[in-house]
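Dear colleague,

Please find the structure below, which I am handing over to you together with some notes. I would be grateful if you could read the notes with the structure open beside them.

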Amino acid sequence: MGISTSVYIGAFLRIPCFTRVEPAQPAGCGRRCGAQVPAGSRFCPACGARAQGPQPERTRQVKPRPYDLDDEAADSLFWTPEYIDGGENATVWLPNERGTGTVVNADGGSATLSLRELDLNALQARYANEWAHVLERIRERFGVTAEVDVGVVVYSH
Ligand SMILES: [Zn+2]
């Protein structure tokens with residue numbers, strides 16, 4: 001078992017992390033039988049299962065993943081490597097579509113890629129346009145503004 005490292009060069013999305021408040025939960029049955037469990041009880045009075053909670057209100061930091069969009073058409077366009085750092089409080093989504101960028105696998109051997117012909121501003125504008133519906137969905141669903149960036153993403157998998 002090992003961790004491989006790949007290098008992606010091209011357009012990608014950078015999505016700021018955000019916080020979500022999870023409301024407090026009253027005490028309940030661990031088997032979810034529906035019975036009311038009095039505060040302080042360790043077991044459900046109806047079915048005898050272990051009681052759960054109560055849980056105080058919690059604030060959780062969310063690193064959004066494409067499937068969190070709850071929009072199959074948009075989420076199928078992107079994926080997120082398991083080990084990735086999108087910078088300070090952000091996450092990175094890479095496009096699934098071939099031709100958007102180039103992946104160089106660094107698992108042995110070497111590769112070269114000339115970037116001289118790349119017009120970074122034109123690429124950024126092109127994908128900001130192509131992914132406009134995804135950016136809109138991210139705004140709607142997460143309340144944050146994603147950035148279309150063009151560059152080098154190094155990730156392990
Ligand atoms: Zn129960």
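Residues are numbered from 1 along each chain as its sequence is written. Please bear in mind that this is a predicted model, in which local features need pLDDT of at least 70 and side-chain atom pairs count only at pLDDT 80 or more, while totals for chains, interfaces and linings use all residues.

Overall layout

The domain assignment, whose bounds come from an automatic or database source, divides the protein chain into domain 1 (5-17 + 63-156) and domain 2 (21-61). The centres of domain 1 and domain 2, taken over C-alpha atoms, are separated by 40 Å. The protein chain has 3 helices and 9 strands, where helices (H or I, at least four residues) and strands (E, at least two) are DSSP runs numbered from the N terminus. In sequence order, these elements give the pattern β-β-β-β-β-α-β-β-β-α-α-β. The protein chain is more spread out than a compact globule, because its radius of gyration is 22 Å, well over the 15 Å that the globule rule gives for 157 residues; the radius is taken over C-alpha atoms, and the rule is 2.2 Å times the number of residues to the power 0.38. Along its principal axes, the C-alpha trace spans about 70 × 40 × 25 Å.

Of the 157 residues in the protein chain, 19% are buried; a residue counts as buried if 20 or more other C-beta atoms lie within 10 Å of its own, as exposed if 12 or fewer do, and as partly exposed in between, with C-beta atoms placed from the backbone.

The strands

E7 is largely enclosed by the rest of the structure, since 5 of its 6 residues are buried. E7 runs antiparallel to E1, to which 4 bridges join it (strands pair if DSSP finds at least two bridges between them), and Thr91 in E7 is the bridge partner of Ile15. Strand E6 (residues 78-79) is also antiparallel to E7, through 2 bridges, and here Trp79 stands opposite Leu94. Strand E5 (residues 58-62), by contrast, is hardly covered, with 0 buried residues among its 5. E5 pairs in the antiparallel sense with strand E2 (residues 18-22) over 5 bridges, and Gln61 in E5 stands opposite Thr19.

Two single residues

Asp149 lies in strand E9 and is buried, with 20 other C-beta atoms within 10 Å. Not counting residues up to four places away in sequence, Asp149 touches Phe12 and Arg14, a contact being a pair of C-beta atoms, placed from the backbone, within 7 Å.

Ala24, in the loop between E2 and strand E3 (28-29), is exposed, with 11 other C-beta atoms within 10 Å. Leaving aside neighbours within four places in sequence, Ala24 is in contact with Pro54, Gln55, Pro56 and Glu57. Ala24 and Glu57 are 33 residues apart in sequence and 4.0 Å apart in space, C-alpha to C-alpha.

With best regards

Key:
Two residues are in contact if their C-beta atoms, placed from the backbone, lie within 7 Å.
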